[in-house]
Amino acid sequence: MFVKYGKGREGIEKYLLDGQKKDRFFTRDQLDSRLILSGNLDDLSGVLKSYSKSTTTGDNYKHFVLTFKENFIPDNILSSINSDFKRFITSGYKSDELYYYAEAHQPKILGFVTKNQQ
(Lines give C-alpha, C1' and ligand atoms only; values in the text may rest on other atoms or scores of the structure.)
Protein backbone atom coordinates (compact mmCIF):
# COMPACT_ATOMS: atom_id res chain seq x y z
CA MET A 1 0.00 0.00 0.00
CA PHE A 2 1.19 3.49 -0.88
CA VAL A 3 -0.25 6.53 0.97
CA LYS A 4 -0.20 9.97 -0.63
CA TYR A 5 -1.07 13.10 1.36
CA GLY A 6 -2.51 16.26 -0.15
CA LYS A 7 -4.43 19.40 0.75
CA GLY A 8 -6.45 22.02 -1.02
CA ARG A 9 -8.88 24.93 -0.96
CA GLU A 10 -11.40 23.61 -3.48
CA GLY A 11 -12.02 21.05 -6.19
CA ILE A 12 -12.13 17.76 -4.28
CA GLU A 13 -15.92 17.45 -4.62
CA LYS A 14 -15.83 17.91 -8.39
CA TYR A 15 -13.01 15.40 -8.71
CA LEU A 16 -14.85 12.84 -6.58
CA LEU A 17 -18.00 13.34 -8.64
CA ASP A 18 -16.65 13.28 -12.17
CA GLY A 19 -13.02 12.17 -11.92
CA GLN A 20 -12.04 14.62 -14.60
CA LYS A 21 -8.48 15.84 -14.46
CA LYS A 22 -6.98 18.35 -16.87
CA ASP A 23 -5.28 15.77 -19.09
CA ARG A 24 -7.74 12.89 -18.72
CA PHE A 25 -10.18 11.71 -21.40
CA PHE A 26 -12.36 9.58 -19.13
CA THR A 27 -15.00 10.49 -16.56
CA ARG A 28 -15.22 8.95 -13.09
CA ASP A 29 -18.00 6.56 -14.15
CA GLN A 30 -15.95 5.39 -17.15
CA LEU A 31 -12.81 4.90 -15.06
CA ASP A 32 -14.07 3.04 -12.04
CA SER A 33 -16.84 1.85 -9.77
CA ARG A 34 -17.08 3.60 -6.42
CA LEU A 35 -17.73 2.11 -3.02
CA ILE A 36 -18.55 4.62 -0.26
CA LEU A 37 -16.68 3.45 2.83
CA SER A 38 -17.40 6.28 5.23
CA GLY A 39 -19.42 9.48 5.21
CA ASN A 40 -21.63 11.07 2.59
CA LEU A 41 -20.57 13.25 -0.33
CA ASP A 42 -23.45 15.70 0.25
CA ASP A 43 -22.41 16.10 3.89
CA LEU A 44 -18.80 16.60 2.82
CA SER A 45 -19.92 19.28 0.38
CA GLY A 46 -21.80 21.10 3.15
CA VAL A 47 -18.84 20.93 5.51
CA LEU A 48 -16.46 22.29 2.88
CA LYS A 49 -18.82 25.11 1.90
CA SER A 50 -19.30 26.20 5.49
CA TYR A 51 -15.58 26.07 6.16
CA SER A 52 -14.61 28.01 3.03
CA LYS A 53 -16.92 30.86 4.11
CA SER A 54 -15.24 31.08 7.50
CA THR A 55 -11.67 31.35 6.25
CA THR A 56 -10.00 33.38 3.54
CA THR A 57 -6.51 31.86 3.61
CA GLY A 58 -4.98 28.44 3.92
CA ASP A 59 -6.30 25.05 3.02
CA ASN A 60 -9.88 23.89 3.51
CA TYR A 61 -9.18 20.18 3.56
CA LYS A 62 -6.56 17.48 3.77
CA HIS A 63 -6.84 14.28 1.77
CA PHE A 64 -5.13 10.94 1.57
CA VAL A 65 -4.98 8.53 -1.33
CA LEU A 66 -4.31 4.90 -0.50
CA THR A 67 -3.08 3.03 -3.57
CA PHE A 68 -2.73 -0.71 -3.89
CA LYS A 69 -0.79 -2.88 -6.32
CA GLU A 70 -3.75 -5.23 -6.74
CA ASN A 71 -6.31 -4.42 -9.46
CA PHE A 72 -9.15 -5.69 -7.29
CA ILE A 73 -9.60 -5.90 -3.52
CA PRO A 74 -12.80 -7.37 -2.04
CA ASP A 75 -15.20 -4.85 -0.46
CA ASN A 76 -14.88 -6.37 3.01
CA ILE A 77 -11.08 -5.98 2.92
CA LEU A 78 -11.39 -2.36 1.75
CA SER A 79 -13.85 -1.71 4.56
CA SER A 80 -11.43 -3.18 7.10
CA ILE A 81 -8.51 -1.13 5.74
CA ASN A 82 -10.67 2.00 5.88
CA SER A 83 -11.68 1.32 9.50
CA ASP A 84 -8.04 0.92 10.53
CA PHE A 85 -6.95 4.03 8.61
CA LYS A 86 -9.84 6.11 9.99
CA ARG A 87 -9.02 5.05 13.55
CA PHE A 88 -5.35 5.99 12.97
CA ILE A 89 -5.97 9.33 11.23
CA THR A 90 -8.70 10.55 13.61
CA SER A 91 -7.16 9.38 16.89
CA GLY A 92 -6.08 12.87 17.91
CA TYR A 93 -9.45 14.53 17.27
CA LYS A 94 -12.83 14.76 18.94
CA SER A 95 -15.71 13.50 16.81
CA ASP A 96 -16.94 17.05 16.07
CA GLU A 97 -13.51 18.38 15.02
CA LEU A 98 -13.30 16.84 11.56
CA TYR A 99 -15.38 15.18 8.89
CA TYR A 100 -14.08 11.90 7.51
CA TYR A 101 -15.17 10.76 4.05
CA ALA A 102 -13.76 7.76 2.23
CA GLU A 103 -14.53 5.98 -1.02
CA ALA A 104 -12.83 3.17 -2.89
CA HIS A 105 -12.36 3.27 -6.64
CA GLN A 106 -12.38 -0.16 -8.28
CA PRO A 107 -10.93 0.26 -11.80
CA LYS A 108 -12.95 -0.48 -14.91
CA ILE A 109 -10.04 0.61 -17.12
CA LEU A 110 -6.62 -0.71 -16.08
CA GLY A 111 -4.52 1.59 -18.25
CA PHE A 112 -5.04 4.64 -20.43
CA VAL A 113 -3.23 7.39 -22.30
CA THR A 114 -3.64 11.01 -21.18
CA LYS A 115 -4.10 13.93 -23.55
CA ASN A 116 -0.44 14.93 -23.07
CA GLN A 117 0.81 11.45 -24.03
CA GLN A 118 -0.67 11.50 -27.53
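1. Basis. This is a predicted model in which local features need pLDDT of at least 70 and side-chain atom pairs count only at pLDDT 80 or more, while totals for chains, interfaces and linings use all residues. Residues are numbered from 1 along each chain as its sequence is written, and side-chain values use heavy atoms, with hydrogens and water left out.

2. Aromatic pairs. Two aromatic pairs turn up in a search of the whole structure. Rings of Phe, Tyr and Trp (its six-membered ring) pair if their centres lie within 6.5 Å; planes under 30 degrees apart count as stacked, over 60 as edge-to-face and the rest as tilted. Tyr-5 and Phe-64 make a tilted pair, 5.4 Å centre to centre with 50° between the planes. Because Tyr-5 lies in strand 1 (residues 2-8) and Phe-64 in strand 3 (residues 61-67), this pair ties together parts that are 59 residues apart in sequence. Helices (H or I, at least four residues) and strands (E, at least two) are DSSP runs, numbered from the N terminus.

3. Second pair and accessibility. Phe-64 is partly exposed, with a relative accessible area of 33%. Phe-64 also pairs edge-to-face with Phe-85, at 5.5 Å centre to centre and 70° between the planes. Phe-85 lies in helix 4 (residues 75-89) and Phe-64 in strand 3, so the pair ties together parts 21 residues apart in sequence. Buried here means under 20% relative accessible area, exposed over 50%, partly exposed in between (1.4 Å probe, protein chains only). Tyr-5 is partly exposed at 44%, whereas Phe-85 counts as buried at 14%.

4. Nonpolar core. A nonpolar core is a set of buried Ala, Val, Leu, Ile, Met, Phe, Trp, Tyr and Cys residues joined through side-chain atoms within 4.5 Å. The largest one has seven residues: Ile-12, Leu-16, Leu-41, Leu-44, Leu-48, Tyr-61 and Tyr-101. Helix 1 (12-18) and helix 3 (41-54) each supply at least two residues of this core, and helix 3 gives the largest share, three residues. Leaving out residues up to four places away in sequence, Leu-48 touches Ile-12, Glu-13, Asn-60 and Tyr-61; contact means heavy atoms within 4.5 Å.

5. A buried glutamine. Gln-106 is found in strand 4 (residues 102-107) and counts as buried, at 12% relative accessibility. Residues up to four places away in sequence aside, its contacts include Leu-31, Asp-32, Asn-71, Phe-72 and Leu-78.

6. Salt bridges. The structure holds four salt bridges, each a side-chain nitrogen of Lys or Arg within 4 Å of a carboxyl oxygen of Asp or Glu. One of them joins Asp-59 and Lys-7, with the closest N and O atoms 3.8 Å apart. This pair links distant parts of the chain, 52 residues apart: Asp-59 is in the loop between helix 3 and strand 3, and Lys-7 is in strand 1. Asp-59 is partly exposed at 29%, and Lys-7 is exposed at 51%.

7. Around Arg-28. Asp-32 forms a salt bridge with Arg-28, the closest N and O atoms being 2.8 Å apart, and both residues are buried. Arg-28 also lies over the face of Tyr-15, 4.7 Å from the ring centre. A charge sits over a ring if NZ of Lys or CZ of Arg is within 6 Å of the ring centre and within 35 degrees of the ring normal.
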